[in-house]
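Student: I'd like a close look at one part of this model. Can you take me through it in one go?

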Amino acid sequence: MASWTGDVVSVKGMVPPCRPLTTPRATPPQDAPCHLDLSKLIQAGTKAFFNNPVLSDLTLVCPDGRTLHCHSVILAAASRRFASQMPVKGVDSEALETLVNSFYTAECPLELSRVPALYDAAIKLEVSSLAPALEQYLASALQPHNCCSVLELCLGVGVAQLAELVMGWIRG
């Protein structure tokens, strides 16, 4: 059941608003088409399936031996690498878990000390939108008191592009 509130139609029981696809009128017709943004609803639903064996069709084994119960369709939707081939080697276990969790939750918690490992995992797993976001986060988080330790982490993980970003900040 839909209710009309100006230019937005709310569907009872649904959180996201429904925007009419037709010109707003004082009273929309009963069959007025609308577009529901269900991304938050779907995101809330997928959270429950992270590392949950229910309906999982594969198990990732992290380098440290941890296992993650996953769903190939979610991994493939978020990562070109997971869509084309498995296994992926040389990725930090914590970074892999954080990254896979973000595929299910659409949230990626960041700590400055974890950015190089996450960046490396994003590059290796071909998660196209995450690497630039991490570069932007790192550039905004650099300070005189942390730049040398961040540079050391970047060099240790082997992410030359991030190391160059930090060196540019130090020089600038």
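Student: In which sense do strand β5 and strand β6 pair, and over how many bridges?

Tutor: They pair in the antiparallel sense, over four bridges, with β5 covering residues 58–61 and β6 covering residues 67–70. Keep in mind that this is a predicted model, where local features need pLDDT of at least 70, side-chain atom pairs need 80 or more, and totals for chains, interfaces and linings use all residues. Numbering starts from 1 along each chain as its sequence is written, and side-chain values use heavy atoms, without hydrogens or water. Strands are DSSP E runs of at least two residues, helices H or I runs of at least four, numbered from the N terminus; pairing takes at least two bridges.

Within that pair, Leu58 sits opposite Cys70 of β6. Five residues separate the two strands of the hairpin, and Gly65 there has a positive phi near 100 degrees.

Another glycine with positive phi is Gly158, near 90 degrees, which follows α7. That helix, residues 147–157, has Cys147, Val150, Leu151 and Cys154 buried (under 20% relative accessible area; exposed is over 50%; 1.4 Å probe, protein chains only). Down the axis of α7, these buried residues fall within an arc of 100 degrees, so they line one face of the helix (the arc uses directions from axis to C-beta atoms). On the other side of α7, Cys148, Glu152 and Gly156 are exposed. As for partners, the buried residues of α7 pack against α5 (115–124), α6 (130–141) and α8 (160–171), with contact meaning heavy atoms within 4.5 Å.
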